[in-house]
Amino acid sequence: MQKKDFMKFVITVVAIGSLIACLESCKKSSSGFSDPSENFTINLEAPANAALLNPGGFIVINEVVIINLGNGTYAAISDVCTYDDCALNYSSSTTQYTCPCHGCKYSQGGVVISGPATTNLKIYVVTQNLNI
């Protein structure tokens, strides 16, 4: 391989590498939301969690909305829109999640009601210990 051919090869490889890096940087970026810890504990006796003592009450912790559904049952659903990774707004009066970024709506169970999102919210298992 002559020096001229070698230089063309190196320039081509560098150009392709730069193009790939550029295209990768154009991908939809994450907003910094991460998957919540697999396990975390909520103390219902803590004043910050008092809303969970009443049916319909909810709190947001670790990017998860925890809702008291009544009858001693709780739901834990992701607080992150599946369309654009925006933090959602949960309304206990409508029992829906709304994305302030693009208007996506989800049911209390995390099912897409209106898009542009097409993927349901992640649901987490809730385990109750002792009398909570």
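Trainee: Which residue in β3 does Val64 stand opposite?
Mentor: Val64 stands opposite Ser78 in β3. The model is predicted, so local features need pLDDT of at least 70 and side-chain atom pairs count only at pLDDT 80 or more, while totals for chains, interfaces and linings use all residues. Residues are numbered from 1 along each chain as its sequence is written, and side-chain values use heavy atoms, with hydrogens and water left out.

Trainee: What makes β2 and β3 a pair?
Mentor: Pairing needs at least two bridges found by DSSP between two strands. β2 and β3 (residues 73-78) have six bridges and run antiparallel. The strands themselves are DSSP runs (E, at least two residues), numbered from the N terminus.

Trainee: How many bridges pair β1 with β2?
Mentor: Four, in the antiparallel sense, with β1 covering residues 58-61.

Trainee: Why is β2 described as mostly covered?
Mentor: Six of its seven residues, 64-70, are buried. Buried means under 20% relative accessible area, exposed means over 50%, and partly exposed lies in between (1.4 Å probe, protein chains only).

Trainee: How do you know that Cys86 and Cys101 form a disulfide?
Mentor: The rule asks for a pair of cysteine sulfur atoms within 2.5 Å. Here the S to S distance is 1.9 Å, so the pair qualifies. The count by this rule is one disulfide.

Trainee: Why is this disulfide left-handed?
Mentor: The torsion about the S-S bond is about -105°, so left-handed is the label. Cys86 sits in the loop between β3 and β4 (89-91), and Cys101 in the loop between β5 (96-98) and β6 (105-107). The pair therefore ties together parts 15 residues apart in sequence.

Trainee: Cys86 and Cys101: buried or partly exposed?
Mentor: Cys86 has 11% relative accessibility, so it counts as buried. Cys101 has 40%, so it counts as partly exposed.

Trainee: What makes a set of residues a nonpolar core?
Mentor: The members are buried Ala, Val, Leu, Ile, Met, Phe, Trp, Tyr and Cys residues, joined through side-chain atoms within 4.5 Å. The largest core here has 13 residues. Those with the most contacts inside it include Cys81, Cys99 and Tyr106. Apart from it lies another core of nine residues, among them Leu52, Ile59, Ala76 and Tyr124.

Trainee: Which residues does Tyr106 touch?
Mentor: Among them are Cys81, Leu88, Tyr97, Val111 and Leu121, not counting residues up to four places away in sequence. Contact means heavy atoms within 4.5 Å.
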